[in-house]
Amino acid sequence: MSQFNGAAAAPGRRTDPFLLLAVPALCLLGMLFVLPIVFLLVKSFRDTTGNLSIATYVAFFSDPFMLTALRRTIVVAIETTLLTLLLGYPTAFALARARGFTQTIILIAMILPLSVGVIVKAFAWSIVFRTDGVINKTLLGLGIIDQPLRLLFTETALVIGATNIFLPFMVLPIYAVIRQTDPNLRSAAATLGAGPLFCFFRVTLPLTLPGIVAGAAFVFSMAVAMYVIPNLIIGERTQTLSMLIARSFLYLRNEQMGSTISTILLAIAAFIVIVSSVILKRLSGRQA
Amino acid sequence: MTKNGFSDLTRRSFLKSATATATLLAAPGILRAETKELVVGGAASHTKWVEEIVAPAFEKKYGARIIFEGTKSLVNLEKMQSNKAKPYLSVVQMDDPVMIMAVNENLLTPITPALAPNVAKLRQGTVHMDGMWANYVQPWAGIAYNKSVSGVDSWTKLWDPAFKGRVVIPSLQNTEGMWTLFMAAHLATGKPLAEAQYEIDAAFAKLEELKPNLLNVYAVLTQSFNLLEQNEIAMLAGQFSSYTIPRVTEGATIDLAAPKEGIFAMPSGICLVKDGPNPELAAAYVNEMLGAELQSILAESTYSLPANTEVKGVDIAPAGIEVFGPDWAFVSKNRANWIDRFDRMMAI
Amino acid sequence: MYLDVKGIIKSYRDNTVLDGLDFSVARGELVSLLGPSGCGKTTLLRMIAGLVTADHGTIRLAERDVTGLPAHKRNVSVVFQNYALFPHLNVSENVGFGLAARGVSKAEQRTPVEEALALVRMEQFADRPISALSGGQQQRVAVARALVVAPDLLLLDEPFSALDRKLRETMQVELKALLRSRGITAVFVTHDQEEALAVSDRIAVMNRGRIEQYGGPMELYSRPATSFVLDFVGMSTRIAGTVKKVEGRSLLISTAYGEVTAPGNFIQGAKVLLGVRPEHLDPVPGAAGSNSITVALSDVMCLGAKTLVHATASGADRIICEQSGAAQQGLPSTGEPVTLSWNVEQTLVYPAEGVQ
């Protein structure tokens with residue numbers, strides 16, 4: 001029995017030739033993503049005359065207008081991530097539980113809206129969010145509010161709209177993890193005396209955590225960088241970092257500031273991705 | 001421009017137009033043998049009429065396909081700039097202020113009567129900077145309002161406290177955003193628009209007073225326009241005839257007001273891209289756009305003021321209201337600052 | 001009885017999995033549910049555990065009716081076929097899980113967890129992750145995890161099927177000794193008759209949602225109640241026949257190999273199945289009063305402690321004779337006729353399949 005314990009990887013491992021399969025994709029990424037980003041990074045650290053400078057970073061972090069947008073961007077991304085998690089987690093379970101036709105319906109219901117343009121969705125949302133829209137009418141009808149709420153052009157509307165779009169990116173990774181977990185584990189927990197809550201927090205949640213972390217990383221990094229959705233939903237009075245980037249490049253023709261904000265946005269997204277992959281590694285390290 | 005350069009240019013132009021004429025005569029055979037494509041940049045809102053009116057007529061006459069890329073003026077500028085070494089756009093239809101920037105960055109080539117004879121027939125003030133660009137038809141801009149609001153006869157109505165949270169204005173990123181700014185200057189100073197347009201501090205102070213009424217500031221029109229039609233908002237400032245009136249005729253419960261203080265001529269310009277592909281076809285396209293025949297159709301179908309003086313019997317602008325065209329050079333010089341100042345002022 | 005399962009009916013759509021089943025286990029007894037896959041044995045096990053609800057019937061355990069109780073309130077531990085150890089917990093956390101679920105503090109868990117691990121000789125592995133364990137080690141942990149909570153009943157679902165043969169036999173002996181010494185009442189589910197015979201006091205042979213026979217290993221083997229049990233438990237010679245004459249409890253049966261006498265209660269003309277355990281057959285002509293048939297020898301297999309002699313049989317019949325040791329002397333060669341004889345009293349008679 002003990003011979004199984006020493007089953008470590010063979011020494012002197014050579015590069016797996018299958019890794020070469022990723023080369024075309026990596027080349028594409030390199031050309032379309034890494035190179036431009038390097039340009040952006042370089043530009044963000046130069047002033048208009050081309051000298052090394054961190055002036056635009058100083059300008060960014062000392063400007064309340066920019067900081068408000070930074071705060072809003074992060075808050076909206078966090079709220080969107082939490083809301084997609086809240087809605088997506090049970091959905092992923094329903095999806096994993098469902099069979100055949102029902103499963104197809106849930107999948108279609110989630111994937112199909114992705115193919116509907118954001119603009120079309122924005123029109124739909126405006127109908128829902130209006131003062132005499134569905135949400136307000138319902139809340140008024142239920143007597144929860146006695147004045148219609150202003151939802152249009154608010155951060156609340158943005159979070160709801162972004163959640164609508166990003167939901168599948170939360171559901172699918174969690175679903176994939178659930179699919180891989182042994183349903184007997186929950187039965188085992190139950191027979192060992194674990195009630196539903198204990199079972200959820202000690203078995204289900206820890207086991208699906210990798211899916212949650214992956215989904216949260218997806219949604220957060222997309223939400224932090226979204227441009228079209230805020231443009232359509234909250235308009236110009238409530239700026240986010242992506243809107244500031246577009247504004248800097250296109251309207252103010254201030255490429256230094258545009259590059260700087262891009263770099264900051266990238267740093268936030270990279271931070272989240274790195275943190276989540278570290279967490280994922282830790283999690284799988286315990287199980288593998 | 002040096003004398004040599006000038007003579008050189010005229011000679012080249014002559015040769016070009018000679019070639020163009022020859023090509024046109026031989027058009028049915030040669031051009032159809034390999035269908036040429038002419039890429040035209042323009043505003044997204046132009047897409048419908050370019051594809052439905054201009055392109056079919058042009059394709060029929062010249063046998064070349066028009067590929068229209070509709071986006072924002074500033075995006076068009078960006079496209080020209082980043083492809084400066086090897087342009088792929090031949091003609092661009094964009095707003096005058098952006099034209100000035102394009103001229104400054106040496107991206108345009110002049111529309112000469114030799115290239116496009118119709119440029120000589122345009123009314124005063126529509127050909128700019130020695131033919132670098134020309135206006136073809138100009139929509140006019142006022143206030144779009146929901147029909148539940150009565151008597152939008154003055155721009156002061158936007159400031160009426162009765163409309164708290166029910167007004168939307170365009171961002172200064174959008175050309176039509178300038179109208180609220182200039183009108184604010186006029187209302188604040190009492191000076192005529194021609195003078196008031198330089199009183200920007202007064203304009204910003206007046207816009208500050210508008211904030212309680214503002215539900216939002218838009219950069220993308222669609223959502224806000226939708227809200228106007230749904231009566232979620234009462235007024236949408238700076239709207240232009242070519243977009244609003246078709247919606248009115250389609251039955252939306254909105255209308256476009258021409259308030260007594262004045263309306264604005266939208267700066268719809270057309271230009272030739274320097275060293276753009278298919279120069280002969282490009283010149284022919286511009287010439288058609290400036291011609292009386294196409295303009296009389298466009299003026300009516302887009303509810304715009306024609307620039308060609310030979311267009312007759314088209315009644316577009318409301319009578320007795322001043323149509324104002326601002327000093328775009330001044331706008332161009334200051335716009336980035338204004339946008340920054342405006343965004344900060346409007347930020348929540 | 002300690003565990004009493006009465007009148008259980010369970011259907012999934014049109015498929016009746018358990019069909020009015022009764023089953024009981026005495027305190028401290030080790031019992032196996034034996035049957036082919038799809039016979040309902042796993043459903044019955046999950047039902048006793050509380051993981052599946054019954055359509056009809058009651059389950060009583062240790063003097064209380066547990067029919068309506070959810071799994072976590074039954075105090076019935078399960079060792080799953082794949083062990084179902086929690087991959088995100090290490091060995092001692094796995095073992096302590098049931099105690100934690102019962103609100104026992106981490107500190108208080110220590111002693112019982114250590115004891116349970118010592119019981120399965122896994123104390124050195126307490127801090128290992130599950131993925132670092134071999135199959136046999138995982139099974140020990142699963143057993144320790146199930147026992148540490150002092151369950152009223154231990155259920156084991158094919159616990160040895162993931163182990164290779166040698167390890168399986170060792171573990172069977174070990175586990176049986178452990179359960180005995182702790183006085184655990186346990187129900188094994190298995191499709192492997194040898195395993196059932198090895199680990200249990202009593203075996204319930206299941207077929208199509210019913211228990212065909214419930215008894216000790218010897219009883220099942222020597223007195224199979226049905227032809228299914230005859231077939232499923234141990235090897236047997238099986239010959240189809242028709243009752244030709246009835247004389248009291250003695251039947252004269254005609255078969256494809258001649259006439260045979262057997263004890264039983266059948267009417268004349270009944271189609272029957274004759275069964276004889278292989279060790280009761282002798283490859284020599286029998287004395288007067290015993291049965292004997294002459295058939296062609298088809299194969300001789302020497303399995304060390306015993307030798308199996310197969311003979312050519314017609315239709316679904318099967319003729320097999322077992323000799324102890326390597327006693328091949330005196331056997332004709334393959335294809336040659338051989339006469340096999342057995343005592344009339346060793347002949348089992350069942351109604352032929354489908355004629356019941």
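## A walk through chains A, B and C

In chain C, residues 24 or more positions apart account for 64% of the contacts with a separation of 6 or more. Please keep in mind that this is a predicted model. Let us start with chain C as a whole and then turn to chain B.

**Chain C overall.** Its secondary structure comes to eight helices and 19 strands. Taken along the principal axes, the C-alpha atoms of chain C fill a box of roughly 75 × 45 × 35 Å. The chain has 356 residues, and 43% of them count as buried.

**Two domains.** Chain C is divided into domain 1, covering 3-230, and domain 2, covering 236-351. Their centres, taken over C-alpha atoms, are separated by 38 Å. Where the two domains touch, domain 1 of chain C gives four residues and domain 2 of chain C gives five residues. On the domain 1 side of that contact there are two nonpolar and two polar residues, with no charged residues.

**An open sheet in chain C.** Four strands of chain C form an open sheet in the order S17-S16-S15-S18, with antiparallel pairing. At its edges are strand S17 (319-324) and strand S18 (337-342) of chain C, each of which pairs on one side only. Neighbouring strands of this sheet are turned by 50° against each other on average, direction ignored.

| Strand pair (chain C) | Residues | Pairing | Bridges |
|---|---|---|---|
| S15 and S16 | 291-302 and 306-311 | antiparallel | five |
| S9 and S10 | 202-207 and 210-215 | antiparallel | five |

S9(C) and S10(C) form a hairpin with two residues between them. Which residue in the turn has a positive phi? Arg208(C) does, at about 50°.

**Where chain B meets chain A.** The contact takes 25 residues from chain B and 22 residues from chain A. On the chain B side, at least two residues each come from helix H4 (73-82), strand S9 (214-218), helix H9 (221-229) and helix H13 (328-346). H13(B) supplies the largest share of that side, six residues. By class, the side of chain B that touches chain A has 13 nonpolar, seven polar and five charged residues.

**Two helices of chain B.** H9(B), one of the helices named at the contact with chain A, has Gln223(B), Ser224(B), Phe225(B), Leu227(B) and Leu228(B) as its buried residues. After H9(B) comes Asn231(B), with a positive phi near 65°.

Helix H6 of chain B takes in residues 177-189, a run of 13 residues. From its first C-alpha to its last, H6(B) reaches 19 Å, close to the 18 Å expected at 1.5 Å a residue. Is H6(B) mostly covered or mostly uncovered? H6(B) is mostly covered, with ten of its 13 residues buried. The buried residues are Gly177(B), Met178(B), Trp179(B), Thr180(B), Leu181(B), Phe182(B), Met183(B), Ala184(B), Ala185(B) and His186(B). An α-helix has 3.6 residues a turn, so residues three or four places apart point the same way. In H6(B), the buried residues include Trp179(B) and Met183(B). After H6(B) comes Gly190(B), with a positive phi near 75°.

Technical notes:
Residues are numbered from 1 along each chain as its sequence is written. Chains are lettered from A and ligands numbered from 1 in the order in which they are written. This is a predicted model: local features need pLDDT of at least 70, side-chain atom pairs count only at pLDDT 80 or more; totals for chains, interfaces and linings use all residues. Two residues are in contact if their C-beta atoms, placed from the backbone, lie within 7 Å. Ala, Val, Leu, Ile, Met, Phe, Trp, Tyr, Cys and Pro count as nonpolar, Asp, Glu, Lys and Arg as charged, and the others, Gly among them, as polar. A residue is buried if 20 or more other C-beta atoms lie within 10 Å of its own, exposed if 12 or fewer, and partly exposed in between; C-beta atoms are placed from the backbone. Two strands pair if DSSP finds at least two bridges between them. Axes are lines fitted to C-alpha atoms, for helices over the stretch in contact, and angles run from 0 to 180 degrees between N-to-C directions. The expected span of a helix is 1.5 Å times one less than its number of residues. Domain bounds come from an automatic or database domain assignment.
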